[in-house]
Amino acid sequence: MLDKLNAIEAKYSQIEARLGASETYGDPELVARLNKEQAELQPLVDAFRAYRRTLDARDQAQALMADPEMRELAQEEYQQALDELPRLEKELQILLLPRDPNDGKNVIVEIRAGVGGEEAALFAHSLFRMYSMYADSKRWHTEVDSASETELGGVKEIVFTVEGEGVWSRFKFESGVHRVQRVPETESGDRVHTSTVTVAVLPEMETADVQLNPADIEMQVFRSSGAGGQHVNKTSSAVRLIHKPTGTVVECQQERSQFQNRDKAMRILASRLYETEQEKISSEYTQQRRSQVGSGMRNERIRTYNFPQGRVTDHRIGLTLYKIDQVMDGALDEIIDALAADHQAELLKEQQ
């Protein structure tokens, strides 16, 4: 591990030197690329340097313990270093884990009402609100691509994009079946209903990232529906793409121009086809996964929101929080942090 870390630090130093060279200033693309590489390596280099300083402090304290006058102080510093080293070693092991190549990508989130009729549609809207508020707390941008609304304010289906730094690294744990237990607004009595909503999170892919044959794609245009002022229903700006080999259908109608809707629909189509291919590859290698964290299995019940008891339970890691109001208002970090830590622990086990 030390050889690998030394090589990474040497590469980091080379990048620093190139960024400080006068000939680099005239190439903005090179500067941007070097800055990105430096930012990716910096957490690992900082942790390695802290680890090395702690090793030095341990060795110096051990040497000072031979001096009777310094022994007590040296023993204290030696013990502090010994206590700190295991934490730093684990941090380095985590930072050295293979990086998810999609962690820096934006995401496309698809929420669909499942079992439960109108109540499921209302909860689908609640989940969209939850994710929007979480994105706002991170200063990420959320944009609706398409939505099918119900008369009572629910959504049968909604597709939206979240853009920002590291969005996939956080949202990727949300794919699966979300179950809600509560007294529906449509219920005249006090009977608790159980409904489900399906969430699929896809890394947003550029069309260049996925092989798309134009001959395989049929494009249809139609008039937008829903809120939108005078523009709605007057021009055929909405776009529907049909990928004939797979039967995948994508619609986008939120933008004002047909070109913008087509461009967005193409990215959504590329993301769905990428996900399908990744699921196929994953199933070939791992028929039985010990952990579904981050796997994106749509048919897996991952979380239950129990309103009468005020609790949210993530079934993958057995985490229960009695703060459902905060969670529904976008306070997801405690859950996502726990999922990310569990995922890292699984990866560390696989490498041992």
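Two strands count as paired if DSSP finds at least two bridges between them, and strands (E, at least two residues) and helices (H or I, at least four) are DSSP runs numbered from the N terminus. The views below show a predicted model, in which local features need pLDDT of at least 70, side-chain atom pairs count only at pLDDT 80 or more, and totals for chains, interfaces and linings use all residues. Residues are numbered from 1 along each chain as its sequence is written, and side-chain values use heavy atoms, with hydrogens and water left out.

**View A. Strands β6 and β7 run antiparallel**. Look for the 6 bridges that join β6 to β7 (residues 238-243).

**View B. An open sheet has the strand order β6-β7-β8**. Its 3 strands pair in an antiparallel way. At the edges, β6 (217-222) and β8 (248-252) each pair on one side only. Neighbouring strands are turned by 15° against each other on average, direction ignored (axes are lines fitted to C-alpha atoms; angles run from 0 to 180 degrees between N-to-C directions).

**View C. The largest nonpolar core holds 35 residues**. Such a core is a set of buried Ala, Val, Leu, Ile, Met, Phe, Trp, Tyr and Cys residues joined through side-chain atoms within 4.5 Å, where buried means under 20% relative accessible area (1.4 Å probe, protein chains only). Among the residues touching the most other members are Val109, Leu127 and Tyr131. Helix α4 (117-137) is one of the elements giving two or more residues, and α4 gives the most, with 8.

**View D. Tyr131 and some of its contacts**. Contact means heavy atoms within 4.5 Å. Not counting residues up to four places away in sequence, Tyr131 touches residues including Phe160, Glu174 and His178.

Note on methods: Buried means under 20% relative accessible area, exposed over 50%, partly exposed in between (1.4 Å probe, protein chains only).
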